[in-house]
Amino acid sequence: MLLGAASRGLLHRHQHYLRTSSVFARQLSSLYHEPLREKTVKVTHSRGVGVLHDPLLSKGTAFSIDERERLSIRGLVPPRCQEMDKQLLRVKRNLDHCDTPLAKFIFLTALHDRNETLFYKLIIQYLEELAGIIYTPTVGLASLKSHSIYRRSRGMYFSTQDRGNMSAMVYNWPHDEVDVIVVTDGSRVLGLGDLGANGMQIPIGKLSLYVAAGGIRPRAVLPVVLDVGTNNEALLNDPLYLGMGHPRLDGDEYYSFVDEWVTAILTRWPNALIQFEDFKHPHAYNLLNKYRDRITCFNDDIQSTSAITLAGLLASMKARGLDPAALANERIVCVGAGSAGIGVCEGIVDCIVAQGKVKTREEAYRQVWMLDQHGLLGNSAIAAGDPTRVVQGPERAKYSLDERQLRYVKRDMADRLSLEQVVEQVKPTILLGLTGIPGVFTEKAIRTMAQYQEKPVIFPLSNPDSHAECTAEQAFKWTDGRAIFASGSPFKDVTLPNGKIGRTNQCNNSYSFPGLGLGVVTSRASSVTSEMFLETARVIADMATPSQLKEGILYPGVTHLREVSRKVATRVCEVAFEQGVAQARLREGELLEDIVANSMYDPQYVPLVHQA
């Protein structure tokens, strides 16, 4: 496969990246070609039950006779050697007998804990069916019950009792190579709120998708919880809760805690990509702004959600017969002014500005109307004559807007207008929901929107599905089947009264972050730039076919997640080289597409050899 013109151009512009380096050649060998090397042989220092109980080494019943002999496990497993296809048949049959999504989650967790190769082979083979089990929406219920269904530890917990010890603690992790870390403080888990240490299920689920969809090696991922306490009284009063039993740290004490953790991580894994996950507002933005220019990191809820939402909006324009390069002509109402809502809208503004249809960023902000829990961010939210000072009084009580929210204040409209009033006045083409509150999209608001738009674009994006702003059935019913619909968690297609099918789309980060992370890791990017997210959105927006768009299908199916990740990662690598943040060097004649494809983990058993 040949590089496109853009890739050839970046290689020409970056001649210094093409010089052969023997040191870097070894790095490329371990990074890019790890799956090929594993298909040859894997060396281990473990023997006996140590092999059987290591999920990264265990093959279950698939050990050969020679392996059983040299690894001292002969007699410790059933005598008949079964290949992976038979094992898949067994586990899938047992999985299908689980009668609830949570039961399936627990079953898959147990498989993950004993045989990671088989776990990922199963997930990849049945990705469309199981993505919703290992991640949204089922992971939400698993997080709520995490302390009750706990079986075996995975990942690392850094708590308030560990302050002063984190730089030593990181060496308790058994793997020297860590490419991706997903970290949460459990303060805003999906739309479920503060779940404290129970939030660990989210990094585990995210990293499972990094491996299954993005091809990151299982031994190179690390899920982390920063346990700074919880304000969830139900958890604090539950004797089974496993986290710290005190209220959350805040202020300088909180940021000092996170800073110690970041310093400890960089001490051992200075090149790891850190993904911040499910941090509440304003900590999410404050941490991103503090570290984004210092370390390789991004915030999934702010930036990755923005990328996949933007991809859906660009695709929706094509589905309506519009030019995606004219995003500045859209009228966008966003319900939700927290970190996710602000992040999504900032990505939209980035795209509008990049398209060159407006002269200033301020003009781009005019195309977005934002509502918080009080209603529209309108003119009385600001002190008269002082656009930087927020009113403190009966109008908004003690609630205040930060500098990011102030960018979206509409000075020509009244403050706290309801969604129905905003829809009537603005006549939006696009309605976004990022509130975590079910039912926010009312029948009146959507019916009013449908009066003015032939194909209203309705995106209730909150997770899990029980917290979506409206259901797919409601969106199609209230628009007489004309909606273009996407949600954060999956909904089934809707059969319309005329017999046609209302197509639903899952606007979920699983399309964006695995490929973006793979691109960052492969290029060894020193930072994750806004351009990378913008290009991620553009790549995904271009993947739906014209026939799919005509039906209202905006994204490729979940079964194509690995293909999506490969294409996104290749473009992210290109951007990293174009912007000069790639620390990797390409050898003469190497093609980025091939490097990305060859670096993706493929779950296969390989011969194990013991080394003392």
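A: Two strands pair if DSSP finds at least two bridges between them. Strands (E, at least two residues) and helices (H or I, at least four) are DSSP runs, numbered from the N terminus. The model is predicted: local features need pLDDT of at least 70, side-chain atom pairs count only at pLDDT 80 or more, and totals for chains, interfaces and linings use all residues. Residues are numbered from 1 along each chain as its sequence is written, and side-chain values use heavy atoms, with hydrogens and water left out.

Q: Which residue in E5 stands opposite valine 180?

A: Leucine 273 does. Strand E3 (residues 180-184) runs parallel to E5, and four bridges join them.

Q: How many bridges are there between E5 and strand E6?

A: Three, and the pairing is again parallel. E6 covers residues 297-299, and its asparagine 299 is the bridge partner of phenylalanine 276.

Q: Which way do the residues of E5 point, and are they buried or exposed?

A: In E5 (residues 273-276), Leu273 and Gln275 point one way, while Ile274 and Phe276 point the other way. All four are buried, that is, under 20% relative accessible area with a 1.4 Å probe and protein chains only; exposed is over 50%, and partly exposed lies in between.

Q: New topic: how many disulfides are there?

A: A search of the whole structure finds zero; a disulfide is a pair of cysteine sulfur atoms within 2.5 Å.
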